[in-house]
Amino acid sequence: MRNDLTETRLEDRFAAVWKGKENNDCLWWNGEWWPWKRLNELADDCELKLKVSGFGKGQRLAVLLPNSPMVFALSIAAWRLGGAVAPLNARTGVVNMVSNIKKIDPHSLVITESAYDKAVEPSKAIGIPIVAVKLDAPLPKWKGRVAAPESEDYAIFFSTSGTSGNPKAVGCTHANLLDNINQLPEQIPGLVDEESIFLNVLPNFHTFGNNVAGLLPLMSGVRQTIVPSFVPVDNTINAIEASGTNVIIAVPTVMTFMLGALAKKDKHLKGIRFVVTGGDRLNTQMDARCKEYLGVGILEGYGLTECSPVVAVSRTEETKKLGTVGPVLKSYDIRITDRDGTPLGLNDEGVLWVKGPSVAPGYFHDPENTKERFDGEWFNTGDVVQIDKDGYVKIVDRATDIIIVSGFNVYPQEVEAVLCEHPSVHSAIAVGEKNNVAGELVKAFIIKKDDADDVTAKELMNYCKDRLAHYKVPRKIGFVTEYPISPTGKVLRRELRKMKIDKNK
C-alpha cells in the first residue's frame with residue numbers, strides 16, 4: 001500500500017493505488033475474482049459510451065443499480081469526464097423517486113434491464129432519458145440530456161431524508177471522500193492491509209455502504225467481496241466463506257440477521273479480522289454474540305451522510321468502550337452546544353457540531369435546509385452526545401428524537417434500555433406522542449421474545465415504574481412483530497409516532 005497519498009481526485013487515486021498490481025485480484029463478483037485490469041476495462045467502456053451520450057463536466061448520472069462492478073465502472077467513468085454519480089435505491093423504482101431525481105437533475109438514469117419496462121413511463125414524465133444495463137458487461141449506446149453543469153469538485157450525490165422524510169441531496173466532493181478514506185486506516189490500525197478483504201453488501205445508495213464498504217478498499221488497493229443484496233442471509237454468509245472475506249462492514253440490523261442465521265445452524269465463521277458497524281444504534285449485547293460466532297467483537301462507529309460519512313469509530317478491541325462510538329477522527333474539529341446553539345463545554349452533554357475536510361459543503365440547491373444545519377464550515381449533526389475525559393463519544397440520542405414531557409427531556413435510548421432488560425423483551429423502541437396536557441407522552445413498541453406470549457403492557461409499565469422517573473415511563477405500550485425499516489436498515493421512528501395503540505393488553 002502507498003503511504004504518499006497525494007491524489008486529489010478519486011479517479012486518479014483508483015489508478016495510482018493499483019499501479020503495478022493491474023493483474024491482482026480486485027473484487028469478487030458472482031463467484032469469481034476480477035483483476036483490477038478487468039474492472040478498469042469496464043470503466044474505459046463506460047467512459048467512452050458516456051462521452052458519446054453527451055455526458056460531460058459538471059453533469060450528474062443517476063444510478064439505480066444494486067451493488068455490482070457496474071456501479072464502480074460508471075462512477076470512475078463519470079469522474080474521468082468531470083461529472084458525478086447519484087446512486088439511488090433501485091428497489092424503490094423510478095415512480096417512487098421522482099422528487100429525488102428532479103432534485104438531482106441528472107443527465108440520465110441508469111437501471112437494470114429487468115426494471116426497464118416499469119421505468120419507461122415515469123422517466124418520460126419527468127423528461128429524463130433512461131438506459132438499461134447489465135451489472136458486469138459493456139454499456140449500450142444512448143443519448144442523454146443536457147443538465148445544468150455544477151462544480152467538477154462534486155463526486156457523489158446522496159439522497160437523504162434525515163428525520164423529516166423530505167428528500168435532500170448531499171453533494172460529497174472528491175476532497176470530502178478522500179479525507180474520510182485516508183482517515184479510517186489511521187483510526188483503526190490493521191483495517192486496511194494486503195490481507196484485507198472487505199464485505200461490500202450494504203446498499204451503494206447509502207454513504208456507509210458506498211464509501212466505507214466500497215470506495216475505501218477500492219481506493220486503498222485492497223480486495224472486496226461484492227454482494228448485490230444481503231438477503232437471503234445464507235447467500236451472504238456463503239459469499240463471505242467462498243471469497244475469504246475477513247472485514248465485515250455492517251449496520252446493526254445486518255448483524256442481527258447474520259448472527260441469528262449462524263446461531264440457528266450453530267455455525268462459526270473463521271478468519272474474520274474486523275467487524276465495524278455504523279448507521280444506527282448498536283445493542284451492546286451483540287458484541288458477545290459476535291465474538292462467539294465470528295471470533296471478534298464489534299468496533300462501533302458513528303457518521304452522517306453530510307460527513308462522508310464517518311465521524312467517530314472505536315480503534316481497537318483492547319481500547320474500545322462498549323456503549324460509545326469511540327473517538328472522533330483526527331481531521332475534525334468539534335464543539336458542543338445546547339439545542340439553541342449556545343456553546344457548552346466539550347465534556348457537557350449537548351448537541352455535537354463538527355468541522356473538517358470530510359464535511360460536505362451543504363445541501364444541493366437547498367439554501368433553506370443548508371442554513372438550518374450549517375453555520376459556515378460547521379455542521380450541526382443533530383445528535384446529543386456525551387464525550388468522556390478520554391475523548392470517547394457516547395450518542396445520547398438525536399435531538400429530534402428527544403421526547404419532552406412537561407418540560408423534561410426524555411431520551412428514548414434510556415427508556416429502551418430499561419425495557420430491553422426485561423426477560424420477555426427482544427427489542428424496544430420509544431417515541432413521543434402529542435398530549436394536550438404534557439406536550440408529549442412516551443409510548444413504546446415492543447417485539448417480544450419467542451417464548452414470551454404472556455407478557456402484558458401493564459407488566460412492562462410497572463417494570464419501568466420501578467426503574468425510571470415517572471415522566472419517563474411509557475403511558476402506552478404496543479406489541480409488534482417487526483418495525484418499519486428504511487432501505488438502509490434504520491428504524492423509522494417517524495412512522496412509529498404515527499401508529500396508534502388502541503389499548504394495552
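Predicted model: local features only at pLDDT ≥ 70, side-chain atom pairs only at ≥ 80, totals over all residues.

Me: What makes the peptide bond from V231 to P232 cis?

Reply: Its omega is near 0 degrees, and that is the cis arrangement. Most peptide bonds are trans. Another cis bond joins S308 and P309, with omega about -10 degrees. P309 is in the loop between β13 (299–303) and β14 (310–313).

Me: Why are D266 and H365 called exposed?

Reply: Exposed means over 50% relative accessible area. D266 comes in at 52%, so it counts as exposed. H365 is at 53%, so it gets that label as well.

Me: How do you know that E241 and K267 form a salt bridge?

Reply: The cut-off is a Lys or Arg side-chain nitrogen within 4 Å of an Asp or Glu carboxyl oxygen. In E241 and K267 the closest N and O atoms are 2.9 Å apart, so the pair qualifies. It links distant parts of the chain: E241 is in helix α8, K267 is in the loop between α9 and β12, and they are 26 residues apart.

Me: What makes K443 and E433 a salt bridge, and why are K443 and E433 called buried?

Reply: Their closest N and O atoms are 3.2 Å apart, so they meet the 4 Å cut-off. K443 lies in strand β24 and E433 in strand β23 (residues 425–435), so the bridge ties together parts that are 10 residues apart in sequence. Buried means under 20%. K443 has a relative accessible area of 1%, so it is buried, and E433 is at 18%, so it is buried as well.

Me: Which residues are linked in a network of salt bridges?

Reply: D287, K291, E317 and K320. E317 is partly exposed at 30%, whereas K320 counts as buried at 14%. The whole structure has 27 salt bridges.

Me: How do you know that D383 makes a polar contact with Y302?

Reply: The limit for the N or O pair is 3.5 Å. The side chains of D383 and Y302 are in contact at 2.6 Å, so they pass. D383 is in strand β19 (residues 378–387) and is buried, at 3%. D401, at 11%, is buried too, and its side chain makes a polar contact with the side chain of R497 at 2.8 Å.

Me: Why does D453 count as exposed?

Reply: D453 is at 65%, so it clears the 50% limit. D453 is also part of a negative surface patch, along with D450, D451, D454 and E459.

How values were computed:
Residues numbered from 1 in each chain as written. Heavy atoms only, no water. Patch = residues over 30% accessible without salt bridge, like charges linked within 9 Å, V, L, I, M, F, W, Y side chains within 5 Å. Areas by Shrake-Rupley, 256 points an atom, 1.4 Å probe, with all protein chains shown as cover. Lys, Arg positive; Asp, Glu negative; His and termini not counted. Charge placed at Lys NZ, Arg CZ, Asp CG, Glu CD. Buried < 20%, exposed > 50% of the residue type's maximum accessible area, 1.4 Å probe, protein only. Polar contact = N/O pair within 3.5 Å; in protein donor to acceptor, adjacent residues only side chain to side chain. Helix = DSSP H or I, 4+ residues; strand = E, 2+ residues; numbered from the N terminus.
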